[in-house]
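Here is a quick tour of the aromatic contacts and the strand pairing in this protein. Have the viewer open while you read.

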Amino acid sequence: NGVIVLSFWDFLGKKSLVPATDLEENDYWLSWGDKNIKRYCHFYSPAEFAKIDEIFTSNDLYLFEVIKDDEDMNKYKVYRRDK
């Protein structure tokens with residue numbers, strides 16, 4: 001029996017975003033300290049969250065808990081193996 005915790009950064013509307021038009025939908029470049037240095041971030045859509053849930057449940061894990069923390073900047077999804 002195990003547990004897995006996934007964390008997702010909910011940065012939309014909270015950061016200065018530059019869409020990564022050369023990548024996939026919901027991909028962004030965000031500044032990192034020095035404004036000239038960019039980091040890649042992906043914002044997960046509700047459909048993508050549903051797909052993640054589907055993948056885990058099809059592998060005998062279930063969504064145990066969803067936690068929003070850090071001033072609602074992060075979402076944590078906790079999955080557990082069915083007993």
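## Ground rules

Accessibility terms come first: buried means under 20% relative accessible area, exposed means over 50%, and partly exposed is anything in between (1.4 Å probe, protein chains only). By that scale Y44 counts as partly exposed, because its relative accessibility is 31%. F49 comes in at 14%, so it counts as buried.

This is a predicted model, where local features need pLDDT of at least 70, side-chain atom pairs count only at pLDDT 80 or more, and totals for chains, interfaces and linings use all residues. Residues are numbered from 1 along each chain as its sequence is written, and side-chain values use heavy atoms, with hydrogens and water left out.

## Ring pairs

Rings of Phe, Tyr and Trp (its six-membered ring) pair if their centres lie within 6.5 Å; planes under 30 degrees apart are called stacked, over 60 edge-to-face, and the rest tilted. Searching the whole structure turns up 9 aromatic pairs. One of them is F11 with Y28: the centres sit 5.7 Å apart and the planes are at 80 degrees, so this pair is edge-to-face. F11 is in the loop between β1 (3–9) and β2 (17–19), while Y28 belongs to strand β3 (residues 27–32), so the pair ties together parts that are 17 residues apart in sequence. Both F11 and Y28 are buried.

Y44 and F49 make a tilted pair, with 6.0 Å centre to centre and 35 degrees between the planes. There's also a cluster: ring pairs link W9, F11, Y28 and F43.

## Charges over rings

A charge sits over a ring if NZ of Lys or CZ of Arg is within 6 Å of the ring centre and within 35 degrees of the ring normal. K75 lies over the face of F49, 4.4 Å from the ring centre. R80 does likewise with F64, at 4.8 Å from the ring centre.

## Strand pairing

Strands here are DSSP runs (E, at least two residues), numbered from the N terminus, and two of them pair if DSSP finds at least two bridges between them. β1 and strand β6 (residues 74–81) run antiparallel, joined by 7 bridges; V5 has V78 in β6 as its bridge partner. Strand β5 (residues 61–69) is also antiparallel to β6, with 8 bridges, and L63 stands opposite Y79 in β6. The hairpin of β5 and β6 has 4 residues between the strands, and D70 takes a positive phi near 60 degrees.

β3 and strand β4 (residues 34–42) run antiparallel with 6 bridges. Y28 shows up again here, with C41 in β4 as its bridge partner. This hairpin of β3 and β4 has 1 residue between the strands, and G33 in the turn has a positive phi of about 60 degrees.
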